[in-house]
Amino acid sequence: MAGTRKAAVTVVLAALALTATACDNDKSADKNAAPAAPTTAAAPATPSAAAPTGAKPEKVSPAVFLEQVTQKTGAAKSAKVDELIQVGEITVKGQGALSWADGLEADLAMDLSGSPLGKVLAPITGGPKAHYLYTKDAVFLGLGGELLQNSGPRWVRYTMADMAKASGGATDQLQSADPVQGVRTLIAGGKVTEVGPETVNGKATTHYSGVISAADLAIASTQGITQAQADRIKKGLDAAGIASEQVDVWVDADKLVVKRTEQAESKVGAVNVSVSYSDYGTPVIAATPVDYIDLADLQKAAAGS
């Protein structure tokens with residue numbers, strides 16, 4: 001059981017990394033900013049008033065248009081997110097707010113009742129649901145249940161080293177929800193197509209779809225992400241046993257991502273990820289709590305008792 005559980009965690013992290021680059025989470029990341037998509041296509045025309053969604057300018061390739069989407073979505077800096085992750089028989093749900101203004105930060109409530117992790121964390125969180133704060137250099141898990149009876153710390157801190165140890169080297173779990181890098185990785189696949197207008201979450205959108213594989217990402221440095229980012233994604237795919245993945249995005253008339261999905265087959269079962277976005281520009285407060293205990297100290301305390 002332990003081996004299967006660890007493999008499932010590895011697959012989740014690798015699959016989510018497919019549509020997002022590894023997270024440096026510091027200001028030096030700007031030095032490795034992804035190049036813009038090719039702009040050799042005709043200049044965008046004024047959207048037709050009669051178009052069903054108004055989302056896609058005329059005479060622009062899907063790749064060029066989606067690069068415009070990354071610019072507009074990136075400028076929004078934050079949004080509310082609703083995420084569903086399914087790997088084989090494991091299901092994880094998350095809701096909250098995400099900011100990508102300066103690295104990735106988030107305030108998320110996770111429902112782990114459909115995952116073995118829910119039972120593992122229940123003594124710490126007080127139940128199958130968990131409250132996470134993601135800052136630039138750590139993750140904070142809200143404590144509950146018996147651990148709060150003595151009025152102790154209300155959070156446990158996982159450093160990047162802690163996360164890497166727990167997940168086999170990955171520290172980019174939050175990247176699954178980043179709409180900008182998700183779209184850029186779709187562009188990098190080189191096979192994105194326009195499906196057409198669809199209504200998603202009550203909004204008129206245009207649907208774009210593509211299939212991404214490690215082979216496609218071999219030329220990714222000229223398609224919207226850096227080669228180093230592509231190499232990290234390919235490494236995650238290989239570790240999870242994923243040959244290719246279908247990625248779909250839905251974009252509204254304001255060139256903002258409304259929804260993104262990912263589907264693949266991995267060595268531990270089918271992978272399905274869905275992330276919906278709303279309320280762009282929403283405030284995200286993910287400051288480091290003052291009342292926390294480090295994971296290592298919590299482990300020592302548990303061993304002593």
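Analyst: One definition is needed before the sheet is described: two strands are taken to pair if DSSP finds at least two bridges between them. Please keep in mind as well that this is a predicted model.

User: How many helices and strands are there in the protein chain, and in what order do the strands form the open sheet?

Analyst: The protein chain holds seven helices and 12 strands. The 12 strands form an open sheet in which the pairing is mixed, and their order is S7-S8-S9-S10-S11-S1-S2-S3-S4-S5-S6-S12.

User: Which strands stand at the edges, each with a single partner strand, and what is the average twist from one strand to the next?

Analyst: An edge strand here has a single partner, so one side of it is left without a neighbour in the sheet, and this applies to strand S7 (193–200) and strand S12 (292–294). From one strand to the next, the twist averages 20°.

User: Which helix packs on the sheet, and what angle does its direction make with that of S5?

Analyst: Helix H3, residues 116–125, packs on the sheet and touches strand S2 (90–99), strand S3 (105–114), strand S4 (129–134), strand S5 (138–142) and strand S6 (155–159). The direction of H3 makes with that of S5 an angle of about 70°.

User: How many bridges join S7 to strand S8, and which residue in their hairpin takes a positive phi?

Analyst: S7 and strand S8 (residues 203–213) run antiparallel and are joined by seven bridges, with Pro197 standing opposite Thr206 in S8. Their hairpin has two residues between the strands, and the residue with a positive phi, near 50°, is Asn201.

User: With which strands does S1 pair in the antiparallel sense, and over how many bridges?

Analyst: Strand S1 (residues 78–87) pairs with S2 in the antiparallel sense over 10 bridges, and the bridge partner of Lys80 in S2 is Ala97. S1 and S2 form a hairpin with two residues between them, where Gly88 in the turn has a positive phi of about 60°. S1 also pairs in the antiparallel sense with strand S11 (residues 269–278), where Leu84 stands opposite Ser274.

User: Which residue in S10 stands opposite Val247?

Analyst: Strand S9 (residues 244–252) and strand S10 (residues 257–266) run antiparallel and are joined by seven bridges. Opposite Val247, the residue in S10 is Glu262.

User: Where does Leu256 lie, and what is the C-alpha to C-alpha distance between Leu256 and Ala75?

Analyst: Leu256 lies in the loop between S9 and S10 and is buried, with a relative accessible area of 12%. Not counting residues up to four places away in sequence, Leu256 touches Lys72, Thr73, Ala76, Trp250, Val251 and Tyr280. Leu256 and Ala75 are 181 residues apart in sequence, while in space their C-alpha to C-alpha distance is 9.9 Å.

User: Why is helix H5 largely enclosed by the rest of the structure, and which residue provides a side-chain oxygen at the start of H5?

Analyst: Helix H5 (residues 179–188) is largely enclosed because 10 of its 10 residues are buried, among them Arg184 and Gln181. After H5 comes Gly190, whose phi is positive, near 80°. At the start of H5, the side-chain oxygen that reaches to within 3.0 Å of the backbone nitrogen of Val180 belongs to Asp178.

User: How are H2 and H5 oriented to each other, roughly parallel or roughly antiparallel?

Analyst: The axes of helix H2 (residues 62–76) and H5 come within 9 Å and cross at roughly 165°, and H2 passes H5 in a left-handed crossing. Residues including Leu66 and Thr70 in H2 meet residues of H5 that include Val183 and Ile187. Because angles over 145 degrees count as such, the two helices are roughly antiparallel.

Technical notes. Residues are numbered from 1 along each chain as its sequence is written. Side-chain values use heavy atoms; hydrogens and water are left out. Helices (H or I, at least four residues) and strands (E, at least two) are DSSP runs, numbered from the N terminus. Axes are lines fitted to C-alpha atoms, for helices over the stretch in contact, and angles run from 0 to 180 degrees between N-to-C directions. Contact means heavy atoms within 4.5 Å. Buried means under 20% relative accessible area, exposed over 50%, partly exposed in between (1.4 Å probe, protein chains only). A polar contact is a pair of N or O atoms within 3.5 Å; within protein, one must be able to donate a hydrogen and the other to accept it, and residues adjacent in sequence count only if both atoms are side-chain atoms. Angles under 35 degrees count as roughly parallel, over 145 as roughly antiparallel, 65 to 115 as roughly perpendicular and the rest as oblique. A crossing is left-handed if the near helix is turned anticlockwise from the far one by less than a right angle, and right-handed if clockwise.
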